[in-house]
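Come along while I go through them one by one.

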Amino acid sequence: MTTAIREVSVFGDAITYFNEAAALLNLDDGMRAILTHPSRQIIFSIPFQRDNGQLEVYTGYRVQYNFARGPAKGGIRYHPGVTLDEVTALAFWMTWKCAAVDLPFGGGKGGVTCDPTTLSQSELERITRRYAAELVEVVGPDKDVPAPDVGTTPQIMAWFMDTYSMHTHANTPGVVTGKPLEIGGSRGRVEATGRGVSLCAFDQMDVMGMEIKGARVVVQGFGNVGSIAAKMFVDADCKVVGISDVTGAYHNDAGLDINGAIAYAQEHHSLAGYRGGEKISNSALLEVDCDVLVPAALEKVLTVENAMRIKAKLIVEGANGPTTPEADHIFRENGIVVIPDIIANAGGVTVSYFEWVQDRQGYFWKESLVNERLKEQLIENFHVVRTLANARGVTLRTAAYMVAIERVVTSLKMRGVYA
Ligand code: NAD
């Protein structure tokens, strides 16, 4: 198993963004200290049996960062690069993301350091059930509500929900979101993050006077977020000129056939061997001449190393934390607008919120209603952020953090600090 080593702490990057906004809000030291410490970090061993009978032990994490606005909320990641630092950063971001789009949740995140591509379905099921069993006491619809992230799927959420329900002797669909429709999932959830990415992009392109029809788009990562976002761009008559996944990147100046690429990736479980475009390196993909760049894979892909060579006018962060603070600074200097992750990819958690509401109501909405409410929730809050950015002369990222921090601090002060 390969383990991605990230040289600088991802949580450190996340705190840098927080500090910038906190300074502009004149946040006092005590409040800063509370908000830069996770409420709870859990690390545990996951012994599991391979299909061949051999026993192995993986490491599982769950970080519940903040509960001021509601139960913790955030995905579960299965990836060789999962560390406590990464999960903490992701839980930290979830806190601000939920607040930035005004959802009644705190922030959480979890993961298992494993490579799901090397595991069979039955091995994944055993890991997931053990992971869920370890967390039964601390998750639940009113405590912490996980969801899918990199390397996890609706099927994995189904196993999690079933394990929790078995242990609590009560059918509890609201313990996780991103479930299959048949067992309490929401219509529109699978597409929600990619849809939100494209909705934010179109809204911002309009403000920047960019033509949507014919706009050239590059998407890094072709999983749930990247492939759906690419499809939404093409459906709006944009030209997606570059895509990539972990196996390689593909470029076609005339525009790629995205529906064909999605069908190919579904059939072959990746883009490996895809012939619809010229194969280029993953790093070259980010530097392709385009109007809109959507990083939708992992953290720290736009760095001081490549920021000067990025040609996009608009970057829409489908992934969490794709831009380092140094690269962000270069983009600001070069007039490249960045829609930050905590707004751009908040479509997923917004529809997760709708799923949680529907599970608790026991009444399920039509897809058109889900999509309408998603657009309203996301874009209304994006406008709040943009208005503040213009008023204070700060980037959309700083403004998004300022809006989110202010909302969390207000809740915290109203509840009072139990100290
Ligand atoms: P996924 O597992 O479905 O897809 C990840 C994709 O990234 C895959 O195509 C993979 O091959 C690709 N990838 C990995 N390393 C790469 C590399 N070095 N270069 C190019 N491509 C690479 O995951 P996802 O759910 O689409 O999540 C992608 C990002 O979006 C993550 O940062 C995640 O935290 C974030 N996100 C996801 C959701 C959601 O609802 N799924 C919501 C908010 C944010």
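This is a predicted model: local features need pLDDT of at least 70, side-chain atom pairs count only at pLDDT 80 or more; totals for chains, interfaces and linings use all residues.

**Entry: helix 7, buried side.** I began by listing the buried residues of helix 7: Val225, Gly226, Ser227, Ile228, Ala229, Ala230, Met232 and Phe233. Next I asked what covers the buried residues of helix 7. I found that the cover includes helix 6 (189–207) and helix 8 (258–268), together with strand 6 (216–220), strand 7 (239–245) and strand 10 (292–295).

**Entry: helix 7, length and end.** Helix 7 runs over residues 224–235, which makes 12 residues. From first C-alpha to last I get 17 Å, close to the 16 Å expected at 1.5 Å a residue. After helix 7 comes aspartate 237, and its phi is positive, near 75 degrees.

Entry: The protein chain has an average pLDDT of 96, and 98% of the residues score at least 70.

**Entry: helix 1 against helix 14.** How do two packed helices get described? By the angle between their axes and the distance between the axes. For helix 1 (residues 10–24) and helix 14 (residues 396–415), the axes come within 9 Å and cross at roughly 70 degrees. Angles of 65 to 115 degrees count as roughly perpendicular, and helix 1 and helix 14 are therefore roughly perpendicular to each other.

I then looked up which residues meet. Helix 1 brings Ala14, Tyr17, Phe18, Glu20, Ala21, Ala22 and Leu24. Helix 14 answers with Arg397, Thr398, Tyr401, Met402 and Ile405. Sorted by class, this contact of helix 1 with helix 14 has nine nonpolar residues, one polar and two charged.

**Entry: helix 14 on its own.** I counted 20 residues in helix 14, reaching 29 Å from first C-alpha to last, close to the 28 Å expected at 1.5 Å a residue. Is helix 14 largely enclosed or largely open? Of its 20 residues, 15 are buried, so helix 14 is largely enclosed by the rest of the structure. Glycine 416 follows helix 14, with a positive phi near 90 degrees.

**Entry: positive phi away from glycine.** Aspartate 102 has a phi near 60 degrees. I placed aspartate 102 in the loop between helix 3 (84–100) and strand 4 (107–113). At 37% relative accessibility, aspartate 102 counts as partly exposed.

Lysine 300 has a positive phi too, near 55 degrees. Its loop lies between strand 10 and strand 11 (314–316). Is lysine 300 buried or exposed? Its relative accessibility is 19%, and the cut-off for buried is under 20%, so lysine 300 counts as buried. I also checked lysine 300 against proline 154: they are 146 residues apart in sequence and 26 Å apart in space, C-alpha to C-alpha.

**Entry: serine 39.** My last stop was the loop between helix 2 (29–35) and strand 1 (40–49), where serine 39 is found. With a relative accessible area of 47%, serine 39 is partly exposed. Which residues does serine 39 touch, leaving out those up to four places away in sequence? I found Gln64, Tyr65, Asn66 and Phe67. Serine 39 and asparagine 66 are 27 residues apart in sequence, with 5.7 Å between their C-alpha atoms.

Note on methods: Residues are numbered from 1 along each chain as its sequence is written. Side-chain values use heavy atoms; hydrogens and water are left out. pLDDT is the predictor's confidence in each residue, from 0 to 100. Axes are lines fitted to C-alpha atoms, for helices over the stretch in contact, and angles run from 0 to 180 degrees between N-to-C directions. Helices (H or I, at least four residues) and strands (E, at least two) are DSSP runs, numbered from the N terminus. Angles under 35 degrees count as roughly parallel, over 145 as roughly antiparallel, 65 to 115 as roughly perpendicular and the rest as oblique. Contact means heavy atoms within 4.5 Å. Ala, Val, Leu, Ile, Met, Phe, Trp, Tyr, Cys and Pro count as nonpolar, Asp, Glu, Lys and Arg as charged, and the others, Gly among them, as polar. The expected span of a helix is 1.5 Å times one less than its number of residues. Buried means under 20% relative accessible area, exposed over 50%, partly exposed in between (1.4 Å probe, protein chains only).
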